[in-house]
Amino acid sequence: MKRKTFVLFPSLGVGHLNPMVELAKHLRRHGLGVVVAVIDPRDDDATSGDAVARLAAANPSVTFRILPAPATASPDPGAHRVRRSLDTLRLANPVLLEFLRSLPAAVDALLLDMFCVDALDVAAELAIPAYFFFPSPASALAVFPPPPDKESETTKIRLYQFKRMMEGKGVLVNSFDWLEPKALKALAAGVCVPDKPNPRVYCIGPLVDAGNKVGISGAERHPCLVWLDAQPRRSVVFLCFGSQGAFPAAQLKEIARGLESSGHRFLWVVRSPPEEQTTSPEPDLERLLPAGFLERTKDTGMVVKNWAPQAEVVQHEAVGVFVTHCGWNSTLEAIMSALPMICWPLYAEQAMNKVIMVEEMRIAVSLDGYEEGGLVKAEEVEAKVRLVMETEEGRKLREKLVETRDMALDAVKEGGSSEVAFDEFMRDLEKSSLENGVCS
């Protein structure tokens with residue numbers, strides 16, 4: 001029997017590319033052939049050739065291909081951001097079709113990002129089974145599509161997106177059974193979309209970045225990791241808000257005052273305010289933060305400009321709590337490190353993730369004041385940091401994270417629920433291939 005080959009097709013943006021690469025690594029660990037095909041639109045640097053080159057260098061067993069967006073791909077610049085992404089990906093169908101036809105070996109399955117719904121047309125033309133990879137929690141999948149709201153462009157986009165996802169052979173979800181039993185029960189019973197057959201859901205996670213284990217000397221590691229080495233165990237508050245997380249100057253000052261008042265050590269990733277991203281991509285910390293803040297906190301805190309190696313940071317024993325935007329990649333990384341979280345959702349489905357994390361999973365607490373663009377006050381930042389780091393409630397939260405981490409490890413070990421789900425996916429794919437007369 002020949003080795004099966006999968007083509008993975010991520011959406012635009014590093015937040016979707018990274019989990020797709022984790023899926024590619026998972027497939028390779030099972031001895032499967034993998035090609036990651038990335039559309040590289042000229043107006044989006046998140047999936048640039050440089051970014052893919054770095055991932056390719058870090059994962060030599062995975063084949064990466066950058067597919068140029070066609071000349072006709074020029075979505076309306078005034079349209080909603082998600083609409084522009086969907087338009088770009090749809091207009092790239094001819095490029096994807098040509099690429100798949102050019103491959104020397106037959107493709108056994110096309111694994112699509114949740115936004116690449118129009119690539120289903122390419123899969124149908126070539127008679128390739130198409131599955132979706134859902135990098136968000138299963139609970140978010142279960143509550144979509146949202147109630148109709150004809151005034152909302154976002155709702156119209158989501159309705160179209162999830163309607164088309166129903167055409168896939170199945171959905172691979174980056175989660176695990178123990179974490180989301182209610183949502184998975186509803187999805188399996190077909191109650192989420194009761195008027196038509198539902199594609200099967202396979203929870204195969206958590207698939208997370210294990211971090212760079214190669215560098216061991218200070219010269220080979222990010223300076224923030226060297227700084228963390230000198231801090232006491234579980235003493236540091238880590239603040240990082242994803243690839244697009246940025247705050248206005250007034251909010252940055254409130255965060256700074258809250259951290260300083262808490263008295264706890266901190267590692268904080270700061271970006272320029274949204275309105276300054278183009279003109280000042282590197283933040284002016286002296287101007288943006290309160291006067292004297294950096295000098296007063298130089299012995300207890302570290303502020304990093306733009307980026308830190310999050311996967312390595314959350315695994316570091318010095319980190320005691322993670323203030324996060326609730327992106328699902330970040331959440332899973334924290335779970336795998338048994339790291340309590342303070343939720344500060346910013347965009348996309350993160351507000352929904354926050355509700356799931358705080359009320360359903362009980363692995364986080366939430367900040368108050370951010371709703372509808374409000375300002376989170378310094379007193380609130382200080383209070384929630386102290387709650388997690390100093391109180392009995394924080395101790396119980398940490399115990400819950402240890403339990404959740406242990407169940408996640410059980411899910412991905414041999415015979416665990418996620419490995420069983422992956423085996424079922426492979427059997428279903430083989431059955432589908434045989435029914436279609438495709439020999440493997």
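Tutor: Let us begin with a term: contact means heavy atoms within 4.5 Å. The model before us is predicted. In it, helix α4 (residues 93-102) lies across β1 (5-9), β2, β3 and β4 (109-113), and runs at about 140° to β3.

Student: In what order do the strands of the open sheet stand?

Tutor: The seven strands follow the order β3-β2-β1-β4-β5-β6-β7, with parallel pairing. Because β3 (63-68) and β7 (200-203) each have a single partner strand, they stand at the edges, and one side of each lacks a neighbour in the sheet. On average, neighbouring strands are turned by 25° against each other, direction ignored.

Student: How many bridges join β2 and β3?

Tutor: Strand β2 (residues 33-40) pairs with β3 over six bridges, in the parallel sense. Within this pairing, Val35 has Thr63 of β3 as its bridge partner.

Student: How should I read a salt bridge, and which residue pairs with Arg296?

Tutor: One looks for a side-chain nitrogen of Lys or Arg within 4 Å of a carboxyl oxygen of Asp or Glu. Arg296 pairs with Glu260, their closest N and O atoms being 2.6 Å apart. The two residues come from distant parts of the chain, Arg296 in helix α12 and Glu260 in helix α10, 36 residues apart.

Key
Residues are numbered from 1 along each chain as its sequence is written. This is a predicted model: local features need pLDDT of at least 70, side-chain atom pairs count only at pLDDT 80 or more; totals for chains, interfaces and linings use all residues. Side-chain values use heavy atoms; hydrogens and water are left out. Two strands pair if DSSP finds at least two bridges between them. Helices (H or I, at least four residues) and strands (E, at least two) are DSSP runs, numbered from the N terminus. Axes are lines fitted to C-alpha atoms, for helices over the stretch in contact, and angles run from 0 to 180 degrees between N-to-C directions.
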